[in-house]
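Colleague: I would like to go through this model and ask what stands behind each label. Please give the cut-off along with the value.

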Amino acid sequence: MKLAILGKGKTGRYVTELLQDQDQIEYKVFDSKRPATLEDLKSFDVCLSFLTGEVFVSYIDILTESGICVVTGSTGFEFNDFQLANIQSGDAAWIKANNFSLGMNIVKQMIEVMSLAPKLFDDYKCSIHEIHHTKKLDAPSGTALSWSDWLDLPNHITSERTGDVVGTHTLTLETQTEKISLTHEALDRSIFAKGAIWAVKKVRTLEPGLHDFSKIALSTLLEEK
Ligand SMILES: NC(=O)c1ccc[n+]([C@@H]2O[C@H](COP(=O)([O-])OP(=O)(O)OC[C@H]3O[C@@H](n4cnc5c(N)ncnc54)[C@H](OP(=O)(O)O)[C@@H]3O)[C@@H](O)[C@H]2O)c1
């Protein structure tokens with residue numbers, strides 16, 4: 001497979017590191033000094049973007065015109081109606097991810113089971129604690145807010161900022177007599193690159209049009225053995 005990688009910044013550079021030992025993917029990286037043209041893109045099977053959202057938006061038209069599959073982790077933008085219509089009527093599959101962590105899809109299933117707690121317990125408390133590096137500006141994290149939504153029960157979120165922690169989230173469900181804790185710990189920033197490469201391998205097996213990464217990962221998780 002021939003892969004065009006757009007952006008080799010803080011996240012994109014992990015993709016190239018992981019691809020060193022995967023000979024089935026031949027890749028080329030484009031950056032601000034060497035932007036990709038329509039002609040460049042046409043010679044690839046798949047494009048993976050770790051551009052910032054603003055820059056990715058400037059590529060959407062030539063990506064649709066190129067007809068190649070696209071996997072994008074770029075955040076901070078929305079497709080407009082015209083772009084969406086072009087993607088949906090084209091022949092290529094696209095995957096968009098807000099979070100490329102594969103394990104988060106397993107966690108989502110677990111949280112949905114924990115959300116059934118009121119069926120068994122009259123009296124329980126739920127709390128979410130998230131820990132991140134000191135450079136993270138937002139609190140609580142977007143992931144903690146997603147967990148809270150998935151749980152859909154009253155809960156209290158606390159945040160901690162320390163050292164270079166990539167991201168640790170713990171959900172605790174406590175009754176008078178028992179305590180259940182579910183922790184997801186991102187061990188390394190390459191977590192996003194791993195999920196992105198998984199999506200790059202998957203995208204050509206999908207129907208044309210725009211797909212959400214978490215839905216694709218979940219349907220793989222839940223498919224019959
Ligand atoms: N979905 C997820 O799981 C996930 C995880 C982490 C990050 N993200 C998102 O991924 C995006 C990138 O994050 P980052 O932290 O890696 O950003 P970054 O460090 O700023 O990297 C951006 C890259 O884009 C390149 N670039 C800029 N203009 C370009 C152009 N016209 N053509 C080609 N390349 C160009 C830059 O090139 P130079 O190197 O030449 O400057 C740089 O390599 C953000 O939107 C972030 O939120 C998503």
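Modeller: Helices (H or I, at least four residues) and strands (E, at least two) are DSSP runs, numbered from the N terminus. By that count the chain has 8 helices and 10 strands. This is a predicted model, in which local features need pLDDT of at least 70 and side-chain atom pairs count only at pLDDT 80 or more, while totals for chains, interfaces and linings use all residues. Residues are numbered from 1 along each chain as its sequence is written.

Colleague: Where is D152 found, and why does D152 count as exposed or buried?

Modeller: D152 is found in the loop between α6 and β7 (156–161). A residue is buried if 20 or more other C-beta atoms, placed from the backbone, lie within 10 Å of its own, exposed if 12 or fewer, and partly exposed in between. D152 has 10 C-beta neighbours inside 10 Å, so D152 counts as exposed. Its phi is near 55°, a positive value in a residue other than glycine. Most residues other than glycine have a negative phi, and most peptide bonds are trans. A cis peptide bond joins A139 and P140, with omega about -5°. P140 has its place in the loop between β6 (125–132) and α6 (142–151).

Colleague: What makes β3 and β4 a pair?

Modeller: Two strands pair if DSSP finds at least two bridges between them. β3 and β4 (residues 69–72) have 4 bridges, in the parallel sense; L48 has V71 as its bridge partner in β4. From β3 the chain crosses through helix α3 (residues 53–66) to β4, a right-handed β-α-β crossover. Right-handed means that, with the strands pointing away from the viewer, the path from the first strand over the helix to the second runs clockwise. Strand β1 (residues 2–6) and β3 also pair in the parallel sense, over 4 bridges, with L6 opposite S49.

Colleague: How do you know that both faces of β3 are covered?

Modeller: In a regular strand the side chains alternate between the two faces of the sheet. In β3 (residues 46–49), V46 and L48 on one side and C47 and S49 on the other are all buried.

Colleague: Which domains is the chain divided into?

Modeller: There is domain 1 (2–100 + 190–222) and domain 2 (103–186), with bounds from an automatic or database domain assignment. Their C-alpha centres lie 30 Å apart. Contacts join 6 residues of domain 1 to 5 residues of domain 2. On the side of domain 1 that touches domain 2, the largest share, 4 residues, comes from helix α8 (residues 213–222).

Technical notes: Contact = placed C-beta atoms within 7 Å.
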